[in-house]
Amino acid sequence: MTQWGGRFNEKPNKEAFDFNESFSFDKRLYKEDIEGSIAHATMLGEKKIITIKEANLIIKNLKKIQKDISTSKIKLEKYIGKYEDIHSFIEAELIKRIGDTGKKLHTARSRNDQVALDMKLFIRRKIFRTAVNLMGLIRGINYIIANNNDTYVPGFTHMQKAQPTTISAHYDTFRVMFLRDIRRLFDCKDRMNECPLGAGAFNGTGFNIDREYVSELLLFEKPTENYQDSVSDRDFVLEFLFDLTLIQLHLSRIAEEIIIWNSNDYSYIRIKDEYQTGSSMMPQKKNPDIAELIRGKSGRVFGALSSLCITMKALPFAYNKDMQEDKELTFDAIDTTNDCIRMMNKMLRTIEFNKDRMKQALLDGFVNATDLADYFVKKGVPFRKAHEIVGKIILECEKRKCTLEDFPLEEYKKYVKNVNKGLYKEIQIENCIKKRKKKNVTRTK
């Protein structure tokens, strides 16, 4: 069933109808579609475009339809292939219940401004849901931070051991990263907080509607400024997809590290068995499949952003059916990202840190070399000279197969004469970390 037909002599070709329809996926917008229709009907009644009695009848039955769908009294899956989109289904169901009065709902409205509204309402809800999931992940990270102040681990640059740090400091990186993601989500919400309803197909309507009132009913800050932009704009979808892309990118980086740290050669962490799988051939294997899937699924989210950018890049104004492609991409990106956030949160909470292994790893790789150079600077050696000296000492240590801590004091004095036993305290791993520890910062609850 369609919302058009008077101009046409022939029924839609079945294959063309199936190719054109969006009901199979935009049915999940039913709440937003009904919410927008209720606000629109309320305004039509207030402005006497339809009678208050008609508006109340429409609103009452829209609410019943929403309840019937949410309680599965109406099973939307049954109507796939019968309706073009969720908008036509809701309207047809309303007309079936209240007759010709239901046909008045679409007065002063187009599907163009209707679908733009539905997507804004939907994304606004998903912004809040995604932010809530990220806060749950941050709470899990905060638990790790609070309980690992004295868990030492090598810090890396270029995948080479660089300087000693703590698990707390390392995981605080993730906390800050995800807080930035949350702020970015709410920035997106603020920018899209304008109501497109009333823009019509692209040039408004001749009816004396009240866009400010509809905006207020739907909790938008104000109506959109330009009719044509209202229906042709998908910046808010692209921006949200970009935000999801960054979240997924961050999750993927953490997943990559978990995979590396969980490997046999590192063994810095142990993932609980419930978040690993085995091999069908090799009985010794424990594979970090959940982390690998989080890493792998990032490609789907990146692809959604890229795909919609390509779709939008050459569209003439105003609305074009190409824009229907935003929905499946967005729905999948939202579901994928939120699933990955939840799984990362659950998996992180089970990770056990192999403190002995990480402590042993700190003894290799000369992670306290920078502190030795800094110590020489305190003894009056210019930093560049100190840097060179430490490099030579490390070469000597490699020949002797010893660490900087084991290198004899008399040998150090050959390079810098005025050093003393305090050198060993300066390059002790615990002291290297303590010197760099920042003051306590407020943790997100």
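## Helix α15 and the cores

The buried residues of α15 pack against α14 (369-378) and α16 (409-415). Here helices are DSSP runs (H or I, at least four residues), numbered from the N terminus, and buried means under 20% relative accessible area, exposed over 50% (1.4 Å probe, protein chains only). This is a predicted model, where local features need pLDDT of at least 70 and side-chain atom pairs count only at pLDDT 80 or more, while totals for chains, interfaces and linings use all residues. Residues are numbered from 1 along each chain as its sequence is written, and side-chain values use heavy atoms, leaving out hydrogens and water.

So which residues of α15 are buried, and which are exposed?

| Part of α15 | Residues |
|---|---|
| Buried | A386, I389, V390, I393, I394, C397 |
| Exposed, on the other side | R384, L395, K399 |

An α-helix has 3.6 residues a turn, so residues three or four places apart point the same way. Just after α15, K401 takes a positive phi of about 55 degrees.

Now for the cores. A nonpolar core is a set of buried Ala, Val, Leu, Ile, Met, Phe, Trp, Tyr and Cys residues joined through side-chain atoms within 4.5 Å. The largest one has 98 residues, and M344 is one of those touching the most other members. Helix α10 (residues 235-262) gives this core its largest share, 14 residues. Apart from it lies another core of 22 residues, including A386 and V390.

Technical notes
Helix = DSSP H or I, 4+ residues; strand = E, 2+ residues; numbered from the N terminus. Contact = heavy atoms within 4.5 Å.
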